[in-house]
Amino acid sequence: MEIEATALAFINAIKKLNNISEIDLEKSKFLGKSGILTKEFKKLSVLDGENKISEGKRLNAIKNQVEDAINNQIKIAKQLALNKKLKEENVDITLPVNKEFGSLHILSYEIRRIKEEYKAHGFLILDGPEVETEFFNFDALNIPKYHPARQSQDTFYIKDFQDTLLRTQTSCVQIRAMQKNALPLSMISIGKVYRNDQLDATHSPMFHQIEGLVVDNKPINIGNLKDALSKFVAFVFDVDSVSLRFRPSFFPFTEPSMEVDCCYSRENGNIKINKDGNSWLELGGAGMVHPNVFKYCGIDTEPYGFAFGFGLERLVMLKYGINDIRSLYDTDMRILKHYSSIASN
Ligand code: FA5
């Protein structure tokens, strides 16, 4: 009868434990490989006949009692742990609500504003992949194999993937657009581009470009392009008109090509769009689509077209009087709130 008394003492001890790992430890002492009851079961091997059967029944009855007590205590311990957790994590629903809502970042705000406006004017709003192939980023844009822009000091190539890179310009979306869509075609594409540029007040290794493309079988000339650019910049700056300077330039995918600067002035240290200002900031490039680009896109129906590509950050900096491009990517809530409140007014 000794084992019954030990089992009873064990059950009473278990009932005092409220911690599952402590219960498990005690359980192993009684029912484990070298536990008290397991040793008793081992003794059965030396018994025979009726003795073995009756002793076996007695030990199994004790085992069932002990197991029931353990399982019951585990249930109690689990419930106690849950109650404790609920009490500790209790949420006071009578506390006042945090009424601070987020707002759009000014870059996102301006991207949406431009897309909505140009969509309303019948432009296709297109996206392209940020991980591009050399074909779309360079070859189809008539950029020769030896061009310096292809060097890794300017372009981030994807390691172990031949001919694959982070696009350096949104002009690759022009190619995708012309390959897919019939003429006439007007499109806008806005997205991130990447260049191996040193971060400073006006340069970032990741920035956004806005690409515009208009292609038709009817004649389009450089006057149309200059008009479209003036309207575009005035719309972005939300002013009636702007003073732009068109500087002859070179892009392999446009001929003739130009760079577009906007006139501004500095007031109290801040830049401000001003038709009569005395400084110029480069916003982007533009030109008439090069015939080779049409060929790469399989367009052979006497097409005419113009394209432009502007840096979104430069436009936004000029519009909001921001002197340093880095403040657009900072997580300083005071700056972010300040500019987003200007944008939403
Ligand atoms: C281009 O990227 C041409 N794809 C633009 C173009 C499109 C020309 C269609 C003709 C026809 P560019 O390298 O100059 O051009 O860059 C365009 C603009 O992006 C710059 O004028 C500038 O506003 C902006 N930009 C360039 N590099 C950076 C940079 N590191 N950080 C921020 N903005 C930049």
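I began with the buried residues of α1, which are Ile3, Ala7, Phe10, Ile11 and Ile14. They cover an arc of only 100° around the axis, so they sit on the same side of α1. I keep in mind that this is a predicted model.

Next I looked at the opposite face. Turned away from the buried side of α1, I found the exposed residues Glu2 and Leu8. For these calls I took buried as under 20% relative accessible area and exposed as over 50%.

Then I asked what covers the buried residues of α1. The cover includes three helices: α2 (20-31), α3 (36-42) and α4 (49-88).

I also checked the length of α1. The helix takes in residues 2-14, 13 residues in total. From first C-alpha to last, α1 reaches 18 Å. That is close to the 18 Å expected at 1.5 Å a residue.

I moved on to strand β10, residues 304-311. How many of its 8 residues are buried? I count 7, so the strand is mostly covered by the under 20% cut-off.

Which strands pair with β10? I looked up β5 (residues 206-216) and found it antiparallel to β10, joined by 8 bridges. On this side, Val215 stands opposite Gly305 of β10.

I then took β9, residues 279-289. This strand also pairs with β10 in the antiparallel sense, over 5 bridges. Here Met288 has Phe306 in β10 as its bridge partner.

My summary for β10: it has antiparallel pairing with β5 and with β9, and 7 of its 8 residues are buried.

Methods: Residues numbered from 1 in each chain as written. Predicted model: local features only at pLDDT ≥ 70, side-chain atom pairs only at ≥ 80, totals over all residues. Heavy atoms only, no water. Helix = DSSP H or I, 4+ residues; strand = E, 2+ residues; numbered from the N terminus. Expected span 1.5 Å × (residues − 1). Buried < 20%, exposed > 50% of the residue type's maximum accessible area, 1.4 Å probe, protein only. Arc of directions from axis to C-beta. Contact = heavy atoms within 4.5 Å. Pairing = 2+ DSSP bridges.
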